[in-house]
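Subject: Structure handover

Hello,

Here is the structure I promised to pass on. My notes on it follow below.

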Amino acid sequence: MEDSRTNEELLALYQETGSAEIKRELTLRYLYIVKSIAVQMRDVYLGFTQVEDIINEGVIVLMKALDKYDAGKNAKFETYVSRRIHGMIIDIARKQDWVPRTVRKSFKEIQDKAAEMYSRTGTMPSVEEIAKELDMPVDKLQDVMGKINLSSVLSLDMVMEETQEKQKVSGLLSLDFAGQPEEKYLENEFRQVLKDGINSLKEKEKLVVSLYYVEELNMKEIASVMEVSEPRISQIHANAIRKLKEYLQKEMHIETKGKENAHV
């Protein structure tokens, strides 16, 4: 017979009893979160592992989260476990240095060729024109730029995860901010630092960040808006992300962990 109790009721009961049976039930109920994130982030890891392997690792993270979750200190369990599964995938990508040197080398060649063509013709070349000059399939060129862009985004994600984790264990937690919940205060503080970091960027960098993350335009659309080549947009984007990382690390006193993956 199916258990009619809500997830929240079962979670509270598990924390009281530590029942293995309830833990199994909760794991099955929350398995959809693991599968959903594994599919959403598959572009990050498909070069070196499979969806099934990530799901298996995610289940382990889920079961550990059930033991560590504290409703009095953390956000909703779904949010709490989603962050940890997301972080697990990022950690795996970081350890793998999943953007090979050959991809970075190809991206440099693309950038150089685009600059050369612009200098020669006075107009920004299209992806198709650059690919033809390099004798490179268009889909390969787009794949190279996509990997570089995703690498930059993940690199910033890593710093943001580390920043938020460090905030939670800092001495700030012991202070009283006029009755404002600590979690909300820290989130607002982080958002302000991130906003200040974006404002410190050059105008073109701010525009690319805004168009990419707020307006959700792709690199081709941004290139059209700004009337520059797609490789140039990728370069501006990568530089903006690098500067944001450095700003966050400085302002939030975060030490870099592991090998950096987004120096492009």
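Helices are DSSP runs of H or I with at least four residues, numbered from the N terminus. The model is a predicted one, in which local features need pLDDT of at least 70, side-chain atom pairs count only at pLDDT 80 or more, and totals for chains, interfaces and linings use all residues. Residues are numbered from 1 along each chain as its sequence is written, and side-chain values use heavy atoms, with hydrogens and water left out.

Buried here means under 20% relative accessible area, exposed means over 50%, and partly exposed is in between, with a 1.4 Å probe and protein chains only. Apart from neighbours within four places in sequence, Arg29 is in contact (heavy atoms within 4.5 Å) with Asp3, Arg5, Thr6, Asn7 and Leu10. Lys35 also lies in H2, but Lys35 is partly exposed, at 43%. Between Lys35 and Val51 there are 8.5 Å in space, C-alpha to C-alpha, although they are 16 residues apart in sequence.

Next, the cores. A nonpolar core is a set of buried Ala, Val, Leu, Ile, Met, Phe, Trp, Tyr and Cys residues joined through side-chain atoms within 4.5 Å. The largest has 30 residues, and Leu26, Phe77, Val81, Ile85 and Ile89 have the most contacts inside it. At least two residues of this core come from each of the helices H1 (7-17), H2 (20-40), H3 (42-45), H4 (51-68) and H5 (77-96). Not counting residues up to four places away in sequence, Ile85 touches Ile33, Val34, Ile37, Gly58 and Val61. A second, separate core has 13 residues, including Met117, Ile130, Met136 and Leu141.

Met117 is also among the buried residues of helix H6, as are Val103 and Phe107. After H6 comes Gly122, with a positive phi near 85°.

Last, a helix pair. The axes (lines fitted to C-alpha atoms over the stretch in contact, with angles from 0 to 180 degrees between N-to-C directions) of H11 (residues 219-226) and H12 (residues 230-251) come within 8 Å and cross at roughly 100°. H11 and H12 are therefore roughly perpendicular, a term that covers 65 to 115 degrees. Met219, Lys220, Ile222, Ala223 and Met226 in H11 meet Glu230, Ile233, Ser234 and His237 in H12.

Regards

Key: Parallel < 35°, antiparallel > 145°, perpendicular 65-115°, else oblique.
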